[in-house]
Amino acid sequence: MTHGMTKRSAVVVGAGVFGAWSALRLARDGWRVTLVDAYGPANGRASSSDHSRVIRAGYGADTIYTQWATEALTDWQWLSKKSGETLVEECGALFLGESGSAHLAATAATLTTCGVTHERLDAAAVASRYPQLGVIGLGDAIYEARGGVIRARRAVAAAVATARAYGVTYRQARVLPPDESASVPVVHLADGARLEAEQIVFACGPWLPALLPDAVGGRIRPTRQEVLYFGVPAGDVRFAVDRLPVWIDFAAGVYGIPDLDTHGFKIGLDRHGPAIDPDTADRVVGEDAIATARAFLARRFPALMDAPLVDAHVCQYENTTSGDFIIDRHPCWTNVWVVGGGSGHGFKHGPAVGKHVTDLLGGRAAVEPRFALAGKSTEAARAVY
Ligand SMILES: Cc1cc2nc3c(=O)[nH]c(=O)nc-3n(C[C@H](O)[C@H](O)[C@H](O)COP(=O)(O)OP(=O)(O)OC[C@H]3O[C@@H](n4cnc5c(N)ncnc54)[C@H](O)[C@@H]3O)c2cc1C
């Protein structure tokens with residue numbers, strides 16, 4: 001803390017998981033912070049919305065994400081204690097792959113290097129442990145014991161509430177796109193007010209390309225993504241979080257979350273959908289998504305193949321070229337930061353992103369080359385899974 005001294009000040013625009021944790025970590029570090037969001041923390045349009053997100057440390061050969069996810073889990077548990085809410089269920093994460101999958105081999109090697117508890121399982125072991133899961137076409141699997149699911153919307157709400165308890169001022173207002181050709185950046189709100197701070201963080205998820213067209217533009221491409229919740233049979237507890245881990249079927253491009261809080265068995269389609277406008281898009285899932293999910297259920301969770309659809313959600317990924325985040329200075333302004341590009345996997349890393357942002361603004365860290373704007377092009381070449 002900076003008792004008796006003037007606090008350093010920051011405005012954080014965007015109260016999704018990245019902005020909420022940036023505000024919280026900055027405030028914990030003694031900064032005076034204003035957090036602004038147009039629609040509210042983890043609102044229905046935001047990428048951080050919906051009930052649940054997968055948490056896992058397994059990321060192929062990507063040590064940086066394995067380490068960040070591991071650090072972040074400690075912070076999520078800290079936030080759970082602080083807020084008195086169970087935000088995370090460590091029900092385990094199961095990665096399913098084809099026989100000889102290079103991705104799974106790289107994942108296991110990285111988990112070993114980073115000291116993350118995991119087991120290799122073959123199809124027979126998966127079948128005997130989880131008889132509710134069909135193993136047709138399955139080769140290898142990895143079980144990560146401390147993977148699981150986070151209650152996403154509640155977790156962002158808890159981060160914002162805790163940030164406020166640390167002194168953050170929260171305002172619900174839309175920030176206007178700044179004039180990127182001006183020599184000094186100015187944050188104007190749509191209601192005419194102007195916010196002053198030494199440092200400005202734009203953590204606006206899929207809105208970043210429109211808000212900062214010069215700096216970001218086509219380097220982030222928001223795509224429409226669909227998740228479906230299927231009702232489990234009456235009295236059937238085999239699909240609850242104490243009986244099944246979260247799972248990712250890499251070959252199928254499908255992942256799922258057990259029946260968390262009896263809301264339904266969640267199926268997510270990970271293939272990139274068409275372009276989406278996060279402000280104006282209607283959020284009704286398409287028949288083809290339902291058909292794809294049902295065909296998948298018939299193969300992997302046959303007991304659910306005729307289960308009714310009980311809820312659905314359309315969200316968006318904010319994809320960078322490779323899937324790596326953007327956490328970098330604005331090219332024209334030394335005190336403005338661009339934080340986003342979660343690319344369908346950012347949620348779990350929120351606390352680590354917030355810490356890194358705090359270290360950057362405090363001059364304690366350098367921009368991580370993988371997260372630099374400079375390396376991002378407008379072409380899609382996904383490399384992070
Ligand atoms: C379907 C789906 C499934 C996913 N699954 C997983 C998963 O299992 N595990 C995982 O780790 N990650 C997952 N992700 C990715 C993760 O959810 C995102 O990477 C993360 O939530 C991005 O957070 P953000 O804070 O950058 O963006 P957002 O949550 O979109 O937050 C941006 C905020 O900025 C605000 N804003 C925008 N413009 C303005 C403005 N002009 N003025 C004021 N406020 C503004 C918005 O209102 C919004 O609240 C998934 C994403 C989707 C869509």
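Modeller: Let us start with the terms: two strands pair if DSSP finds at least two bridges between them, and helices (H or I, at least four residues) and strands (E, at least two) are DSSP runs numbered from the N terminus. This is a predicted model, in which local features need pLDDT of at least 70 and side-chain atom pairs count only at pLDDT 80 or more, while totals for chains, interfaces and linings use all residues. Residues are numbered from 1 along each chain as its sequence is written.

Biologist: OK, which residue in β12 is the bridge partner of Ala 10?

Modeller: Gln 199 is the β12 bridge partner of Ala 10, and Val 201 is the partner of Val 12. Strand β1 (residues 9-13) pairs with β12 in the parallel sense, over 4 bridges.

Biologist: And how many bridges join β12 to β19?

Modeller: There are 3 bridges between β12 and strand β19 (residues 336-340), and these two strands also run parallel. Within this pairing, Phe 202 stands opposite Val 338 of β19.

Biologist: Which residues of β12 are on one side, and which on the other?

Modeller: Gln 199 and Val 201 lie on one side and Ile 200 and Phe 202 on the other, and all four are buried, so that both faces of β12 (residues 199-202) are covered. Buried here means that 20 or more other C-beta atoms, placed from the backbone, lie within 10 Å of the residue's own; 12 or fewer would be exposed, and anything in between partly exposed. In a regular strand the side chains alternate between the two faces of the sheet.

Biologist: What is the strand order of the sheet with β12 in it?

Modeller: The order is β9-β2-β1-β12-β19-β18, an open sheet of 6 strands with mixed pairing. Because β9 (169-172) and β18 (326-329) each have a single partner strand, they stand at the edges, and one side of each is left without a neighbour in the sheet. From one strand to the next the twist averages 15 degrees; angles run from 0 to 180 degrees between N-to-C directions, with axes fitted as lines to C-alpha atoms, for helices over the stretch in contact.

Biologist: And the sheet of 8 strands, what is its order?

Modeller: That open sheet runs β6-β7-β5-β14-β15-β16-β13-β17, again with mixed pairing. Its edge strands are β6 (118-122) and β17, each pairing on one side only. Strands β15 (residues 254-257) and β16 (residues 265-269) pair in the antiparallel sense over 4 bridges, and Val 254 has Leu 269 as its bridge partner in β16.

Biologist: Which strands does helix α3 lie across?

Modeller: Helix α3 (residues 102-113) lies across β5 (93-97), β6 and β7 (140-144), and runs at about 30 degrees to β7. Helix α7 (residues 287-300) packs on the sheet and touches β13, β14 (246-249), β15, β16 and β17, its direction making about 115 degrees with that of β16. A contact between two residues requires their C-beta atoms, placed from the backbone, to lie within 7 Å.

Biologist: Changing topic, what does the domain assignment give?

Modeller: The chain is assigned domain 1 (1-90 + 150-220 + 320-385) and domain 2 (91-149 + 221-319), with bounds that come from an automatic or database domain assignment. Their centres, taken over C-alpha atoms, are 26 Å apart. Domain 1 brings 39 residues to the contact and domain 2 brings 37. On the domain 1 side, β3 (52-55), α2 (63-83) and β4 (88-89) are the elements that give two or more residues, and α2 gives the most, with 5.

Biologist: Why does the ligand lie between the domains?

Modeller: The shell around the ligand takes residues from both domain 1 and domain 2, so the ligand lies between them. That shell has 38 residues, the closest being Gly 14, Gly 16, Gly 205, Gly 342 and Gly 346, where a residue is included if its C-beta atom, placed from the backbone, lies within 6 Å.

Biologist: Last one: is Asp 50 buried or exposed?

Modeller: Asp 50 is buried, because it has 21 C-beta neighbours inside 10 Å. This residue lies in the loop between β2 and β3, and has a positive phi of about 80 degrees although it is not a glycine. Ser 343, in the loop between β19 and α8, also has a positive phi, near 50 degrees, and counts as buried with 23 C-beta neighbours inside 10 Å.
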